[in-house]
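Take a moment with the model below. We will walk through one part of it, step by step.

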Amino acid sequence: MMRARAFGVLASLVALALAGLAAVGLTDVAHHHVSRGVFLLIVVLVARWVSSSVLDEWGENAATRLRANWRATMVTHLRVPRRESERARGDLSLAIEHAAEAPVLERLRASAGSSLLGVLVIFWAAGWLGLVITLGLLACAAPLYQRAGRRSEVMAQQYQARRAVLESRQLEILQHAPELRALGAVTYGANEIAAISDSEHALALRAIRVALESSLVTEFLSGVSVGLVAMVVGFGLLEGHLSLVRALVAVLVTAELFTQVRRYGVEFHRREDADRALETLDFVVTDSSTPFDELLAANELVTDVHPAKVTLHLHAGDRVVVTGPSGVGKTTLLHTLVGWREPLEGTSRTGTDAIGYVSAESTLLSGSLRDNLTLGTPITDDVVTECLHSLGLTGPRFDNLDAELLSDGRGLSSGERVRLILARALLANTPLLVLDDVAGVLDESARDLIRDAFEINRTLTIIEATVDTPLITTPSERIELRQ
């Protein structure tokens, strides 16, 4: 950010100097030195264009570098466990875009701060009255900028929240369109989407109105300041104790001062977004280089759903089952054990980054069967087919690895989807496998085939969560969560 501040200070000083040079050029034109005055004005215009182009190019390059750096660390960021409220704070891609704007915003802040040196020029050119007018209107402008920025921020947050609800609801209603049509409730879904859409449009119009109001206020204050300073120097010209060049310097520097401050003030919303984005992306990664001979170690771990303290130490080949009624927090415990959620108390640590997680809600991707199972890893077709057959997935749908799967495996039964996701985990050769309540969607023959596959690989460590029997694994340890 030091470079951004340096650019900001330099840009504001150049702008103030060009304002003074423009005043000299206009004075020359007024005194009939037209050629020299026009030349100076052309120099000012060219210098402004070059300065603006250089700053824009620097801003784009800085943003590009930051985007590349943040995207390179995105995988590490996703490994960091966070509470549900923290993980729901926003899209990482959007956070990266906001964070990439930080250098430009820092430059604007430095420009606004250093442009305050212009008040000394105004005092020299227009006297104490011009100085008082400028400082007074700047003092009035600052809280108005903040108020307008906060209002814009609130409106933007409300709009984004409403838009997210609309998109989520649209997808949900489209997903259940056959059931709604069968119940004769299609009109209900359409009316609900229309109501959410209308509220989104209303929020968008309010946000535009707020932005226009704040823009009008800032432009009004800037115009009033320039007008009052022009009036002061006009009287000075009439009385003969002020030269034309000093009068023009006072007016143009006042305009430039408010331009720099206004540019920074109207970016209040973007500054808040950038600060939040940097906070989201500013994480601490635990050093995993320390020797760790256990696959998973949890000490008095408490989740934010269930108060039970769980202590668990897993080595290769251990099999653990987590039981409890539906809704008691088994899935939350599994997520916390493997480091996907932050514990409320206690600690949890895994000795591997490769974890196979299988649940009825696990998703398949749009693409070929091979792509879904290998995820880009070079695995021969024979190995993939053998794994599928070992889990009872045979027939034309599973023998052709180039067959395209629909989004999220539509057209497959729940049992087939679960076995495909299990096959994906087994092909990845993960040392730790987590089964989240999948036994209930499998018939007995499928469970037997899976048990046989697990028996072949006795070093595979498994954690299985289930409401009750039947179990897929034969556990060596049991954790029971009670209501």
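Which residues in helix 14 meet helix 16, and which residues of helix 16 do they meet? From helix 14 come V383, V384, C387 and L388. From helix 16 come L420, A423, L426 and L427. The residues of this contact divide into eight nonpolar, no polar and no charged. Keep in mind that this is a predicted model.

Now look at how the two helices lie. Two packed helices are described by the angle between their axes and the distance between the axes. Helix 14 spans residues 381-390, and helix 16 spans residues 414-427. Their axes come within 10 Å and cross at roughly 135°. Angles over 145 degrees would count as roughly antiparallel, and 65 to 115 as roughly perpendicular. Helix 14 and helix 16 are therefore oblique to each other. Their crossing is right-handed.

Next comes the sheet. Strands of a sheet pair through backbone hydrogen bonds, either parallel or antiparallel.

Follow strand 5 to its partner. Strand 5 and strand 8 (residues 432-436) run parallel, joined by five bridges. I355 has L432 in strand 8 as its bridge partner.

How values were computed: Residues numbered from 1 in each chain as written. Predicted model: local features only at pLDDT ≥ 70, side-chain atom pairs only at ≥ 80, totals over all residues. Heavy atoms only, no water. Axes fitted to C-alpha atoms, helices over the stretch in contact; angles between N-to-C directions. Helix = DSSP H or I, 4+ residues; strand = E, 2+ residues; numbered from the N terminus. Parallel < 35°, antiparallel > 145°, perpendicular 65-115°, else oblique. Left-handed = near helix turned anticlockwise from the far one by under 90°. Contact = heavy atoms within 4.5 Å. Nonpolar A, V, L, I, M, F, W, Y, C, P; charged D, E, K, R; others polar. Pairing = 2+ DSSP bridges.
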